[in-house]
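Let's go through this one in question-and-answer form, moving from packing inside a chain to contacts between chains.

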Amino acid sequence: MRDYPLENRGAFPPHVAAGAGASISLAPVKGGFVIHLLGDAKSDEAALKKALAKIAPELGADVRKSAPNQWFWVGDADVSSDRLTEIQAGLPSQFALADQTHGRVRMRLSGPSSRTVLAKGTMVDLSADLFAIGQSAMTQIGHIGAMITRIEDDSFELIVLRSFAGSLWDELNHMAAEFR
Amino acid sequence: MTSFRIDGGTLIDRNDVRRFTFNGEVLTGFGGDTVASSLLANGKQLVGRSFKYHRPRGILTAGAAEPNALLTIGRDGRRDPNTRATMAELFDGLEARSQNCWPNVNFDIGAANGLLGPLLGAGFYYKTFMWPAAFWEKVYEPLIRKAAGLGRASYDPDPGYYEKCWAHCDLLVIGAGPAGLAAALTAGRAGVRVIIADEGVQLGGGLIAEGSPVGGKPADAVLADIIGELHALSNVEIKKRTTVFAAYDDQVFGAVERVQKHLPEGEINPHRAMERLWRIVARQVVLATGAEERPIVFGGNDRPGVMMAGAMRTYLNAYGVAPGKRVALFANNSQAYQTALDLEVRGIEVAAIIDPRTCPNIDYDGKARLIAGAMVRDTAGRKAIKSITVRHDDGRDEVIAVDALGVSGGYSPIVHLACHRGGKPVWSDAHVGFMPPENTDGMTPCGAVAGKAGIADCFADGGVAAVKALAELGVMGEAASLPGVEQTAETVDHIQPVWHVASTKGKAFVDFQNDVAASDITLAMREGYDHVELAKRYTTNGMATDQGKTSNVNAIGILAENKGVSPGEIGTTTFRPFYTPVSFGALVGASKGMDFQPVRKSPLHGWAGRNGAKFVETGLWYRSSWFPKDGETFWRDSVDREVNTVRTKVGICDVSTLGKIEIFGADAAEFLNRVYCNAFLKLPVGKARYGIMLREDGFVYDDGTTSCLGGNHYFMTTTTALAAGVLTHLEFCAQVLWPELDVRLASATDQWAQMAIAGPRSREVLSKIIDDDISNEAFPFLAAREVSMFGGRLKGRLFRISFSGELAYEIAVPAGYGESVADAVMAAGEEFGITPYGTETLGVMRIEKGHVTHAEINGTVTPADLGMGRMVSAKKDDFIGRVMNLREGLVDPDRPALVGIKPKSPSDKFATGSHILNPGEDVSLANDQGYVTSMCHSPTLGHAIGLALVKNGPKRHGEEVVIWNGLAGTTVTGILCNPAFVDPENEKLHA
Amino acid sequence: MSSLVKCPHCGLRPREEFTIRGEVATPRPDAGADEALWFDHVYLRDNPRGEHREYWHHSGGCRRWLVLTRNTLTHETSDVVDASTLKLGERA
């Protein structure tokens with residue numbers, strides 16, 4: 001049993017493929033990591049980024065604020081649990097980390113219609129001049145909680161709880177269908 | 001059939017001929033027509049029957065306020081009842097039907113109600129259906145229900161897609177008539193984000209129907225220029241076919257956009273919404289909703305062919321439809337004279353203009369005969385108007401033959417949206433109307449809603465309003481102006497209020513939709529219902545789909561006149577959303593069918609499915625409930641086998657849905673010690689502990705285990721049902737009660753696939769995949785720590801805890817690996833006869849073991865009631881619920897407490913919810929000893945067992961009781977017992 | 001349909017993102033405090049016509065507990081602060 005084949009399955013059934021159209025595309029982001037960083041009341045983002053750059057420069061410092069003193073650290077590399085243990089050990093004591101790589105699912109909605117599609121779910125005003133590239137918001141898309149991050153001009157990354165990912169995926173596809 | 005279609009019509013396209021049916025008859029109209037305009041063009045003046053008296057009714061208006069022409073449009077799932085013909089766009093193949101008539105609109109049996117008119121007056125229901133009370137349910141209500149209501153909803157599901165959206169802007173302009181257009185231009189040029197919404201198919205409002213040139217240019221050319229500029233401004237968003245129906249708190253406006261309702265079936269894009277519900281967040285608002293022309297209340301004013309004067313002008317100029325061949329006007333204001341001029345320009349005879357004003361300062365140079373100081377007191381004609389009776393100022397009557405009558409009783413500003421947040425409109429004698437409240441924070445009324453009249457004045461006012469709104473936004477703006485139009489001094493129209501023609505002959509209607517006549521209002525007053533809100537409900541004036549758009553002010557005027565006070569003293573009824581009816585489809589949006597609510601799926605969902613699980617919805621989760629094998633046809637077959645297999649061999653169950661919370665921080669232990677009633681301060685690393693959380697009122701809130709995984713790092717599990725609630729509660733404790741503690745919470749429910757491996761062979765199974773030593777010595781009961789699996793290829797968290805009462809473990813692995821690990825456990829367990837089991841078996845085994853769940857933790861129990869009183873720490877200074885848990889009533893030894901229960905005769909069954917009585921006492925709740933909280937068939941014992949909360953229960957083991965099912969009316973003899981039916985000494989747990 | 005709350009951490013958000021707990025009760029008494037104080041804290045709530053201080057949880061956003069000062073008559077929200085400030089002051 002020690003060699004039993006192990007497969008890391010995504011939250012989506014295998015038949016789910018990226019849905020693309022002229023002005024919209026929705027695609028799962030496969031692999032990578034999502035790490036929840038929880039600071040104490042005195043923690044700040046600058047110190048966190050500095051620490052991360054020192055401990056794990058290879059993983060980047062894409063930290064997205066989710067709440068006061070809390071961030072999601074996101075990247076495309078795969079991180080082993082041993083590496084995570086090292087990172088936790090190296091972090092200043094005011095930061096704790098909880099691996100959410102399996103608990104959260106990332107997907108990207110891109111294209112000129114992406115804002116129109118997201119406006120069917122969230123009240124957050126995502127217009128280009130108010131919601132800058134790199135900016136994040138914890139919000140609800142319909143009934144489902146999600147973190148929205150603007151990645152590029154017309155491209156948004158959504159982070160959602162794994163158990164809700166299928167529903168959010170379906171809903172986004174419905175909302176985007178008119179642009180296909 | 002005579003066609004009333006004439007030349008002109010700015011909205012219609014004569015090359016686009018559209019066929020439709022009206023009550024089965026095939027008719028044609030043009031692209032751009034409404035159903036109303038095409039019916040009128042086809043000479044169909046009679047379109048429906050009235051609600052109460054089934055009187056013939058025609059089309060009164062050309063817009064949103066239409067009270068009469070309500071049709072059922074479409075068929076099957078796409079059937080929309082109560083659709084205003086004046087708002088429904090004509091499309092090829094449209095099917096329209098009259099409502100409220102049988103067998104048809106021309107011959108309607110219900111019209112006999114008209115003969116009963118004297119009996120159906122105000123308060124009819126309240127007076128008639130008084131007694132006997134027993135008749136209400138069986139006789140009156142079914143009768144009333146059958147007779148009441150307008151159109152009938154379809155029973156078929158609507159195949160259309162609907163959705164809800166958010167929109168944001170600096171300035172929302174509501175209404176795109178001259179005032180709204182000027183406001184949008186002004187703000188658009190200033191560069192702010194503008195949304196301009198209008199319920200019409202085209203922008204323009206009053207400009208669309210304007211027959212005269214504006215600033216020397218044709219009105220439609222002026223309009224085209226404005227629209228062109230608005231389209232060119234990228235910061236201006238134009239929403240046509242969009243009714244802003246409500247003003248909500250915090251500058252959120254509700255609007256509904258009719259996206260595809262105007263398209264024939266074949267052209268509907270199934271992926272696009274039929275209607276879109278907008279929630280528009282606006283920093284500032286310009287209200288340019290215009291004014292509603294009022295009818296005049298006179299005898300026979302509801303006869304088909306009687307129409308608002310302004311509506312006549314719209315049909316004439318926008319749709320190229322003549323309202324008749326020989327038309328009269330009855331108006332108390334000068335604006336209405338434009339209709340006479342436009343009719344004459346088109347060569348339609350204007351038989352007379354009847355103006356009640358004695359010395360009208362009218363600048364009228366048309367051909368029509370002007371009868372001043374006169375009133376229309378009656379009309380004649382069976383299903384359409386044939387003549388009017390005019391009462392001259394000298395008391396003489398004159399009958400004038402006409403086939404249409406235009407009416408104008410003044411203009412009521414459309415103030416609804418200015419009043420939705422509680423503002424009261426203000427009466428103006430000068431305008432003879434209710435004006436918007438003076439203090440409309442963040443909203444600037446302009447144009448006709450602010451009492452302005454005429455294109456030029458309204459346009460100018462819109463520009464001024466936008467400049468004011470821009471100033472609130474901190475932006476300078478310059479009011480847009482109409483080229484070639486000189487701003488003149490404000491013209492004042494001397495309107496003479498006519499609330500009710502005193503010399504009326506016959507029924508004079510105030511509210512056409514509800515068949516409320518002037519006599520009903522005076523009757524209500526005589527009977528004491530003279531407050532405007534009471535009069536509304538007593539007479540039904542202003543109720544139903546049009547909410548009194550054409551009737552309220554006249555009703556108020558009649559009340560005022562009869563009381564001898566100003567209409568301002570009477571006041572209005574309350575304005576509430578929605579301004580016009582909004583379909584349920586739009587309100588529901590996409591949340592229907594499978595999209596009604598999100599579905600949560602466990603990371604082991606696929607594994608369970610492959611193993612044949614039957615799923616059950618618990619909250620949003622789909623959980624595997626049992627796993628039938630070949631030959632098992634009844635759920636109990638599967639559950640009995642699963643239980644027996646787990647008790648004798650081994651089983652695996654998905655428990656991923658349990659709430660999981662990672663707890664960090666220097667004060668994490670102290671925090672846990674305060675939120676649990678039992679001690680947690682000294683929980684060692686590598687250990688799990690069962691904990692009970694109380695509510696502050698001393699009752700049990702939830703239970704679960706918390707493990708210490710490292711210094712300042714804990715892992716809590718909660719019940720599935722309260723996963724969200726417990727996290728929220730902990731956040732409240734951490735943020736509000738004790739923010740000085742360093743404690744940080746992360747929801748980890750979705751990170752882990754967690755499975756229970758239970759049964760005497762569970763250790764052997766797990767030993768095959770876990771690298772660490774998990775012998776009883778190395779990994780005793782309540783051990784909890786990270787383990788290496790599959791030769792170091794995976795790390796998981798292993799907990800030696802048991803809900804089933806067997807030797808058991810829970811193993812948590814990163815969710816993505818869940819299915820592989822579950823498959824591996826199944827493979828490792830094959831030699832031991834492993835079975836997957838679901839929530840049903842989980843439930844049976846926990847009842848057999850006497851473990852509680854939310855069936856017992858039902859908000860009325862203390863730890864002592866559950867037999868866990870000793871867990872409540874007496875040493876801790878403080879924890880949630882400590883003080884209240886010690887209240888007198890909560891420590892009473894007679895309280896219902898947990899006990900097992902079984903039937904005296906093993907073949908007897910009983911139901912959850914049954915009450916417990918002492919033998920020999922009357923079967924009555926007065927003798928209640930408690931109730932059964934959970935029950936099941938125990939495959940281990942071979943008979944029914946249950947848990948119950950019974951007075952002083954723990955001291956009554958062995959006692960015979962009566963189990964009473966009050967619903968079924970049955971009783972069974974039962975015996976109270978130890979709730980731990982299986983392994984009361986916990987030998988299995990520690991094996 | 002909706003109303004908006006200005007979360008001090010997330011900005012303007014719709015009411016649907018929040019869970020309302022009810023009036024801000026009296027502070028949680030010490031364990032040894034008089035029983036009357038405990039009953040006030042656990043059970044007594046005002047139902048004023050006018051200004052009302054309420055606990056709102058931004059459950060669909062940052063998951064912070066907030067204290068709203070809201071007028072029950074006009075629905076106007078005059079103040080929103082993080083609930084930890086009740087005990088810690090403005091630092092939080």
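Q: Which residues of helix 21 of chain B meet helix 16 of chain B?
A: In this predicted model, helix 16 of chain B brings B:W635, B:V639, B:E642, B:V643 and B:V646 to the contact. Sorted by class, the contact of these two helices has six nonpolar, one polar and two charged residues. On the helix 21 side of chain B, the residues are B:E840, B:T841, B:V844 and B:M845.

Q: How many nonpolar residues does the contact of helix 10 of chain B with helix 12 of chain B have?
A: Helix 10 (residues 518–526) and helix 12 (residues 552–563) of chain B pack at about 50 degrees, their axes 10 Å apart, and are therefore oblique to each other. Their crossing is right-handed. B:A518, B:I521, B:T522 and B:M525 of helix 10 of chain B touch B:A555, B:I558, B:L559 and B:N562 of helix 12 of chain B. By class, that contact has no charged residues, two polar ones, and a nonpolar count of six.

Q: Is strand 33 of chain B largely enclosed or open, and how many of its residues are buried?
A: Look at both faces of strand 33 of chain B: B:G659, B:I661 and B:I663 are buried on one side, and B:K660, B:E662 and B:F664 are buried on the other. The strand is therefore largely enclosed by the rest of the structure, with a buried count of six of six.

Q: Which residue is the bridge partner of B:F664 in strand 37 of chain B?
A: Strand 33 of chain B runs antiparallel to strand 36 (residues 713–718) of chain B, joined by six bridges, and B:K660 has B:T717 as its partner there. With strand 37 of chain B, strand 33 makes an antiparallel pairing over four bridges. In strand 37 of chain B, B:F664 is partnered by B:R744.

Q: Which element of chain B gives the most to the side that touches chain A?
A: Chain B has 43 residues in contact with 39 residues of chain A. Elements of chain B supplying at least two residues to that side include strand 33, strand 37 and helix 20 (818–829). The top contributor, with six residues, is strand 8 of chain B.

Q: Which strand gives the largest share of the side of chain A that touches chain C?
A: Here nine residues of chain A are in contact with 11 residues of chain C. Two elements of chain A give two or more residues to that side: strand 4 (63–67) and strand 8 (136–141). That side divides into five nonpolar, four polar and no charged residues. Its largest share, four residues, comes from strand 8 of chain A.

Methods: Residues numbered from 1 in each chain as written. Chains lettered and ligands numbered in written order. Predicted model: local features only at pLDDT ≥ 70, side-chain atom pairs only at ≥ 80, totals over all residues. Contact = placed C-beta atoms within 7 Å. Nonpolar A, V, L, I, M, F, W, Y, C, P; charged D, E, K, R; others polar. Buried ≥ 20, exposed ≤ 12 C-beta atoms within 10 Å, placed from the backbone. Pairing = 2+ DSSP bridges. Axes fitted to C-alpha atoms, helices over the stretch in contact; angles between N-to-C directions. Parallel < 35°, antiparallel > 145°, perpendicular 65-115°, else oblique. Left-handed = near helix turned anticlockwise from the far one by under 90°.
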